[in-house]
Amino acid sequence: MLDSDKSLIDAHIGGDRRAFGELVRRHGDSILGYLVRMTGNREQAEDLFQETFQRVHEKGHTFRGERFKSWLFTIATRVAIDGLRKGRRQPVVSLNQSFGCGDGNCDELGAVTAADCCDPSQEAEMAEQKEQVRRAVDELPAKQRATLVLAYYQQLSYPEVAEILGCSTGTVKVQMSRALRTLAQRLPDVSGVAK
Amino acid sequence: MMRHLTEQELIEFRFKLGADAEMGLASEHLAECGHCRAELEKLERRFSSLDLLRGDVAVSEDLVSRVIEQASGPRRVKVAAARKLPAWAAAAAAVLVVGVLIMVANHPGQRKGREPVAKGPEKGIVAPEAELTSAPGDKSGLGATAVMAKGIPDKPPFAPASAIELVTLPRRDNVQLTIYNSADLTLVREKRSLTLKKGWNWLQFMWANTLIDPTSLSLEPKEQGDKIDIQQLVFPARLRELGRWLIRSEVSGQVPFEITYFTSGLSWRAFYMGTLAPDEKTMRMQGYVRVDNASGEEYENAQTRLIVGQVHLLDEIAELARRQYAYGRPGGEILMEDAPVDESHLMKLNGVLASAEVELNAAVEWAAERKEIRKEGLSEYFLYTIEGAETIPDQWGKRLLSFEADDIKVDSLYKYDEERWGDQTIRFVKFANDKDHNLGETPIPDGEVRIYGQAGADGSLSYVGGTSVKYIPVNEEVELDLGPARLVKVEPQLMEFKTANYRFDRQRNISGWDEIRTWKIEIANTRALAVEIEITRGFDTPYWTLSEGVDYKKHDATHARFELKLAPQTKRSVEYKVTTYHGARTQDKVQNTEDRIQNTEEAIQKAAVK
């Protein structure tokens, strides 16, 4: 039977390093995914990922037993917003930068080869659209972006997002609405393009 | 039929952002309105592009390891900016701090059990967590195959399965520092008890924020050496400032290990305090050693040894320590997995360490009640061992008494030499590093000397002067330059100058002459003590003679020296006439000298015949 998050964090505070490792493995993928989408940059996301769990390590004693996932995402959001504020710069996308290699299907923007896709021109078009989407998401204000990523990509409910962001559900909906209205103007029409 | 839905209403409907009542109305409208349905589909197509970024993101094992390693270090302390407090609050805080300090000072024992995690320098070494269960092996076929002999797989693991197995070690059992004075070099030997499991073990050593030379690391079991094999030291890719030893152990449990390495940033210097007796005929001398630690590492209860002498270094340790990677990477950063180091290089370094170990291996016995600095001679060096153990925190210095000697016979000497010191008389204290002077047991290392005299009836000290001394070997004399003396004056005056004995060449031009100077030197001793004065006079030429009847010593080819003793509060004058020879007269002087030598030799031969 799996240990609960609470028991793992308690064990970690008690000096059990395996418990901390278990927490990192259990929530690592979703936190890293969240941070990658927040930053649009895998390397920066990994840095923020380390920072997030460092804070978990340091602040573990302040966890009061509410939902660990929300607590963890709250930390990750603060770290991400801090990180974005500090590292505010023109987004640079490397041709070899990968956005998601965990599933073994690395989609590198510049590494489009004939072997990867049956139609190279379609593949190139998709890469271009993906970049357009990324740019549209990146250009959202940090709070709107966090709301969108948590609600849309992480598929959390609005009350859960509100708990993470420390605001009301109404505020979350307003942020989400604003984000979507902006995106509606900027997102490409992907009809006919294979995903 | 109501109006068409706006884009915002369509978005709110699609993403359930509106109130239930509004959602219901929008739903009803959409069921009836084809235009709005088309608009909604258009929006959905557009938002479906968001799914292009939906690919799963997985955390690599390497990233997990890094996170866990990072968390295994000390917790960071956030330093908050101090707010300006009202005076009463500051006073209350001060009282509280003092109270807490007193409580801590009164209960030192309570600190013993504290986790070393919170302590910066102890972050240095982590070792595999104790797993006292034997490694899984084929028990039924124990020893039957080479692969699983004694339950340990022959093939070592490529890397630790996870950093989660690494834990902080207990404190050092003891540590010995050997600090070389001539180079920024310290040999550190520390003993720690590692808990090993039977099988393959990874020991991790980190040197972040220290000046440890990673190329010099060496690890050796002090017990059960036949059952423990240190296989290799690797420096994992991308993980900076750490190395991992692979250890094969046939035993499980605690084993004492010695870890040896060079570090930079520790230094020591000697300085001395001399107190002259009222008659200035003897001196009491105290030698001190100050050890400074800027290595980034705290050494608790360290046995400290100091080396006097030159050491030949191929590399600057500090530079090695600051390298991004332990062995450097030609051609830029190459991402590689745990790569074994060059074994031959390591063996060479271990050889150096071993020879240093042999050379510095002096027995240590802690017996005397007071701490002393013991001294031992080595082939090229001299070793000073500070008795007992000293804690030298990072960025701190510590002063230790090196030696103390009473009744050292000294000669006070005043010197006058215009070419060296202008018209000032310089005071010196002279003694020898030998048994006659209650010294001579060891050489005296370079250092600053300060001399004090006893002034007044109460014997209070007054600063007489200071200087730096070079290394003083045993049985060598030393003169301490204490600077200008104001109570002993030397004033030379030129009384007469004339030329004579001109020589002319064929064109009747002057080709040689003598210069004759008469000097009078006034010497005044206004001190209440008798003094010795040494006056050196230079003539700018090796061709000179001094008038008969003057008591002098030829110091070198161009200098004469007068040595005088003056009673307290007396004056004296010395007169001399010096003739210097110039041009063709120098040849006459040489000829005269050769003639004199020849005459002397002939006289000696005649005397011998007789």
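In chain A, 57% of the contacts with a separation of 6 or more are made by residues 24 or more positions apart, two residues being in contact if their C-beta atoms, placed from the backbone, lie within 7 Å. The model is predicted, and local features therefore need pLDDT of at least 70, side-chain atom pairs count only at pLDDT 80 or more, and totals for chains, interfaces and linings use all residues. Residues are numbered from 1 along each chain as its sequence is written, while chains are lettered from A and ligands numbered from 1 in the order in which they are written.

The secondary structure of chain A consists of eight helices and zero strands, where helices (H or I, at least four residues) and strands (E, at least two) are DSSP runs numbered from the N terminus. Chain A has 195 residues, of which 38% count as buried. A residue is buried if 20 or more other C-beta atoms lie within 10 Å of its own, exposed if 12 or fewer, and partly exposed in between.

In helix H1 (residues 5-13) of chain A, the buried residues are A:Asp5, A:Leu8, A:Ile9 and A:His12. Viewed down the axis of H1(A), these residues fall within an arc of 95°, so they line one face of the helix; the arc is that of the directions from the helix axis to the C-beta atoms. The buried residues of H1(A) pack against helix H2 (17-39) and helix H4 (68-86) of chain A. After H1(A) comes A:Gly15, with a positive phi near 105°.

The contact between the chains takes 43 residues from chain A and 35 residues from chain B. On the side of chain A that touches chain B, at least two residues each are supplied by H2, helix H3 (42-59), helix H5 (120-138), helix H6 (142-153) and helix H8 (169-186) of chain A. H2(A) provides the largest share, twelve residues.

Chain B contains an open sheet of six strands in the order E22-E19-E18-E25-E28-E27, with mixed pairing; two strands pair if DSSP finds at least two bridges between them. Strand E22 (477-485) and strand E27 (553-556) of chain B stand at the edges, each with a single partner strand, so one side of each is left without a neighbour in the sheet. Within this sheet, strand E18 (residues 411-417) and strand E19 (residues 425-432) of chain B run antiparallel and are joined by six bridges. B:Tyr416 stands opposite B:Thr425 in E19(B).
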